[in-house]
Amino acid sequence: MAFNCRGLARGFVALLLLCNIINCLEITKVENGSVKMGSGTMVLPLTLSTAKGNASSHPLIRRLASGKPKHPSARMKLYDDLLTNGYYTTRLWIGKPPQEFALIVDSGSTVTYVPCSTCTRCGNHQDPRFQPDLSSTYQPVKCGLDCGLCDIDKNQCKYERQYAEMSSSSGVLGEDMVSFGVDSALPPQRAVFGCENSETGDLYHQHADGIMGLGRGQLSIMDQLVQHGVIADSFSLCYGGMDVGGGAMVLGAIPPPPDMVFSTSNPNRSPYYNINLKGISVAGSPLPLNPQVFNNRYGTVLDSGTTYAYLPEAAFVVFRDTVIKHLHSLKRISGPDPSYPDICFSGAGRDVSQLSKKFPQIDLLLGNGQKVQLAPENYMFRHSKVHGAYCLGIFQNGKDPTTLLGGIVVRNMLITYDRGNDKIGFWRTNCSELWERLQAAVPPPPAKSNSEGKNSSDSVPPPPAKSNSEGKNSSDSLPPPPTKSHTEEKNSRVYQEIGGIELYMSMTVNPKAFRSLMTEFKEDMARELEVAVYQVNILNVSDRGDTLQVECAVLPADTSNYMTNSTAETIISLLNGHQVHLRDAFGTYHLLSWKILPPSKRTWLQRHGLVLFGAAAGVTVIASALLIYWYCWRQKQEVLGNYTTVDAANLDEELQQL
């Protein structure tokens, strides 16, 4: 082969110029803190230097930083909480026009399904059943080679699912447009889902409509979106903490925080998401356990659809005994349900932020030497009948050697299921604030109105006449932190004095029965919220089919124009965490939303008029009583003054006889 010397010279000069440019920029490629060199390969230093100026001022850097990601992501709000519902839900819209559903977020399920209008055995759930005939884009999935089960009569694929708690779901498969909400950058996509015709067990009685399957499998919503090439092969969940609930979910990739702790996850072992757990430590001391105890059967599985955590028998006994030894300062009490041998303790107080002073820190020891720190809210849950008491949320997994980590373990923790790289990340954070950060990255939809402190804490939409509050969190309806912008600080000062709270509650009680017990409802609310009965006002009661929607307000005492922030926070926290215990006649309740009211402009006379009137009435009654007493005394004295005994001698009669 002949060489062109002139071309070779030009190439050599170009190489020298390139090397000179690279040297001036001082750009070095470093992996894991070291420069990797291959055999017979010249490696140039590629480290970005910021010592000579601000790197962000370079046009190329700015362009890279502001560049759009390769794939969009679906950013979705989570609702509900573990204590009340035992699960977290999100909202999904199916069909055209869209039909809305509340679905349990379940990383352990591989199919998404909703109740179908043709269901012959389905419970009463949160939303109306899906009606295929009303969707112009719905298509049944016909039987074929890819159809595991087939309904021969309908020539339509079907599905069947059974769960560990002995509940089941079955139905047919359909395909339609699936929407992820107005806050999602991911547009609606066609996806296969289950149209449920029968359900049993807990699925029949639950409030949520169905399941959103995020596991590994052909019917998983994640697998379908990744196969369509519309999102990266990753998703993240962030469950709200104790007494808060809610949270955020992202379908697609997000940049991992620098201090996120990762564990490997083996997709070939099972369709479940597993981690490489090697041990558990309590208060800094590892438990004396063989690491193999966490690697039997399915290994250690992370399942967002399971409420609590379950350990193999050998691990649970050691863990339980060790935790109890560290809680000698607390009183051991019975659990809220006599049919379950819960391990509970009283005397820890109601403040969640102070629980770490009473309960030990738990660490999950991973195979790579890293650890995941668990706060008390990650392994304890509130006692539903004793204030200031908590119960152990980690149980024995029967005779099953699998380690199962449910939703309680990951409260206030961002969990990234990086399926593309076969790893799972853990990062402790405030999941309520995380949702706000995710919301701030997406332009607000123009149709939304200002929420002014109102929040939606459940998956049921608030009354249409009220302001919309999507994207808000329970802590946001109260004053924001002082380290905000001037406008936010001004708003914070305005709402330092809260004029009351309007509450929107959904209750499973007969409307007629409730109207006859409105006085008892106010008494129960006042007792549980530690306010006077007159401070609880029922504003409106409306029948919403299966539930009754009650709009009420908690107002300040008559002697004040406002209530404090701590009082408002306590009221919202108690209701949101279902710590308000109403009598059985009212059934169960859900706090749908709330609204912070500004202080009233009452004068001193208006604030104290009732007290003055009462004092005046009291003085009048006392004065009247004294006057009546004085009058009776005078009458008695006059009677006594004219009184003569029967046998007394009459002097005039005696003289007359003489």
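**The disulfides**

Mentor: A disulfide joins Cys116 to Cys195, with an S to S distance of 2.0 Å. This is a predicted model. The link of Cys116 and Cys195 is right-handed, with 75° about the S-S bond. The pair links distant parts of the chain, 79 residues apart. Cys116 sits in the loop between β4 (113-115) and β5 (139-140), and Cys195 in strand β9 (residues 189-200). Both Cys116 and Cys195 are buried.

Next, Cys119 and Cys122. Their sulfur atoms are 1.8 Å apart, and they form a disulfide. This link is right-handed too, with 90° about the S-S bond. Cys119 has a relative accessible area of 9%, so it counts as buried. Cys122 is buried because its relative accessible area is 7%. The cut-off for buried is under 20%.

Cys147 and Cys157 form another disulfide, with sulfur atoms 2.2 Å apart. Again the pair links distant parts of the chain, here 10 residues apart. Cys147 lies in the loop between β5 and β6 (149-151), and Cys157 in strand β7 (residues 156-162). Cys147 is buried, at 14% relative accessible area. Cys157 is buried as well, at 4%.

Now the whole chain. The count comes to six disulfides. Counting bonded cysteines along the chain, the pattern is 1-8, 2-3, 4-6, 5-7, 9-12, 10-11.

Two further cysteines deserve a check. Cys552 is buried, with a relative accessible area of 0%. Cys632 is partly exposed, at 45%.

Technical notes: Residues numbered from 1 in each chain as written. Predicted model: local features only at pLDDT ≥ 70, side-chain atom pairs only at ≥ 80, totals over all residues. Heavy atoms only, no water. Disulfide = S-S within 2.5 Å. Helix = DSSP H or I, 4+ residues; strand = E, 2+ residues; numbered from the N terminus. Buried < 20%, exposed > 50% of the residue type's maximum accessible area, 1.4 Å probe, protein only.
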